[in-house]
Amino acid sequence: MTAPGLFRSWRSDLPASIVVALVALPLCLGVALASGAPLFAGLISGVVGGIVIGFVSRSPLSVSGPAAGLTAIVLTAIEAAPSYQTFLLAVLLAGVIQIGFSLTRGGVLAEFVPSSVITGMLAAIGIILILKQFPHAIGYDGDYEGSFRFFQEDGRNTLSTIAYTIREEVLVGPAWIALISIIFLFWWEKAKPKDGPLKLLPGPLVVVAFSIFANMALYRFAPQYAVQQTHLVNVPVVASAREFLGLFQLPDFTAIGSGFVWTTALTVAIVASLESLLSVKAVDEIDPKRRVTDKNRELLAQGTGNIVSGLLGGIPVTSVIVRSSANVGAGADSRLSTILHGFWLLLSVVAIPFVLNMIPLAALAAILIQTGYKLTKPALYWQRYKQGYRQFVPFFVTVVAILFTDLLEGIAIGLVVGFVFVIARNFRQVISYVETPEACMVRARRDLYFIHKPQLQAALERVPDGRDVLIDLSSTSYVDDDNIDIINAFIKGAPYRDIAVLVKGDLSGRSARQIDAPLKEVRFA
């Protein structure tokens, strides 16, 4: 996409980029905090994910940044590393490895994930956003922003935290700000003008502005209900350009020979690549224009992003479905929205950090709750149910598995169930047997694999002595060696049972093959 083409849809991308920046801000800080990294490292990753990956990637709607799926790996690596700079070298090398994945066409792995698992992932993330953001909405911040894990660091889980906050931690100020914000967001979704200047006004921006002024009013007139500092955004504030530049850190290249560095780099590269491929695949599913992202190009973009992030002092980046779905929901049309959101993050951190630190987390929770609802609307479940149990069961299992584990573990469980259904579907009767007084026919309706051996063996055993038999393979393009062995064994024994065999098919470059006694083995090219 050329520069003029990049700005072709700026009217929809500009407001969407502001929404994504508002969603990304607390997530960048929360993931960095949970990863044991400096808060500013999360902001670096958010900016790199927007600007660098946005320029290199060809995904029109995917948004990248620090991801919750990597927090456990990053935290362990930072704690075990001799220094944070050593860890940064691992991040840089992870990017190099990802570029290697791109060059070896590793992006094709995303195409093996069933759509039922992808939509299940989206629906689960929607539910998790609602459940995880509810405590933030009423003033409790025990779990970090962006967490997907069911079991939390504080010993509670997603559901018990909600029960605890309702019983013990409800704060009137944050709760009212969140409630009004949610009501406004759903109303604005339907009431926003289709034409005129208000068309470009993002509802989340209104919510953030409202929350700041509402909290100022609470401090003035009802200070006992005001949102306190612990429940506000907390970005680093610097007093000078020198102090700002001091927040960036360089990798320690002297550790290039460390086994720890390379092990960490490979682990980060594999997990980050899988999460990015799944996220991009999911974004393609909800893209209104149904565009298909070049997955190998995406791996190249992610690798480039991690190289830059490691060079500047950031934590690993991946394509992130929460930010991406917010981008889609806000009406973005091209990657300009992704790029601009990175610029807004950078500009706001540099120019107005004191304003950012006035935003109540309750308002941002309201934005994420609305985003979650869009991902897990009840109509989605009914739609999958109507498609039949082969689609609904893997979808539903993926939802439940992600809810009670975490993103990657849940997807793995969903994939296993999805593949079981694929195998079961292929294991259905593919061999038909027809018998007349003069002859028999054994016909394969589609390709034969090892799982079809019992069916083929059973059909051939039904052929009576003294009959002619046609083995029809004309509907197949592939028969594996195990089934060829069964056919050849039957042919070898046919003369002793006075059976004449005709094998029909084009597997050996011939449309039909008459076999006369003494019979020979059938060989397929």
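Contact here means that heavy atoms lie within 4.5 Å. The structure is a predicted model, in which local features need pLDDT of at least 70 and side-chain atom pairs count only at pLDDT 80 or more, while totals for chains, interfaces and linings use all residues. Residues are numbered from 1 along each chain as its sequence is written, and side-chain values use heavy atoms, with hydrogens and water left out.

**The chain as a whole**

- The chain holds 21 helices and 7 strands; these are DSSP runs numbered from the N terminus, with helices being H or I of at least four residues and strands being E of at least two.
- A box of roughly 100 × 55 × 50 Å, taken along the principal axes, is filled by the C-alpha atoms of the chain.
- Of its 525 residues, 53% count as buried (under 20% relative accessible area, with exposed meaning over 50% and partly exposed in between, for a 1.4 Å probe and protein chains only).
- Among contacts with a separation of 6 or more, 79% come from residues 24 or more positions apart.

**Surface and charge**

- The accessible surface of the chain is about 23,400 Å², and carbon and sulfur atoms supply 65% of this surface (Shrake-Rupley method with a 1.4 Å probe; for residues, only the protein chains shown count as cover).
- There are 42 positive and 38 negative side chains, where Lys and Arg count as positive, Asp and Glu as negative, and His and the chain ends are not counted.
- The centres of the two sets lie 7 Å apart, with each charge placed at NZ of Lys, CZ of Arg, CG of Asp or CD of Glu.

**Threonine 398**

- Threonine 398 belongs to helix α18, which covers residues 389-404.
- Threonine 398 is buried because its relative accessible area is 0%.
- Leaving aside residues up to four places away in sequence, threonine 398 touches Val117, Gly120, Met121, Ala124, Gly410 and Gly414.
- At 2.7 Å, the side chain of threonine 398 reaches the backbone oxygen of proline 394.

**Serine 211**

- Serine 211 sits in helix α9, residues 203-221.
- Its relative accessibility is 0%, so serine 211 counts as buried.
- Apart from residues up to four places away in sequence, serine 211 touches Ile177, Ile359, Pro360 and Ala363.

**Alanine 80**

- Alanine 80 lies in helix α4, which spans residues 71-80.
- Alanine 80 counts as partly exposed because its relative accessibility is 49%.
- From alanine 80 to glutamine 429 there are 349 residues in sequence and 54 Å in space, C-alpha to C-alpha.

Conventions. A polar contact is a pair of N or O atoms within 3.5 Å; within protein, one must be able to donate a hydrogen and the other to accept it, and residues adjacent in sequence count only if both atoms are side-chain atoms.
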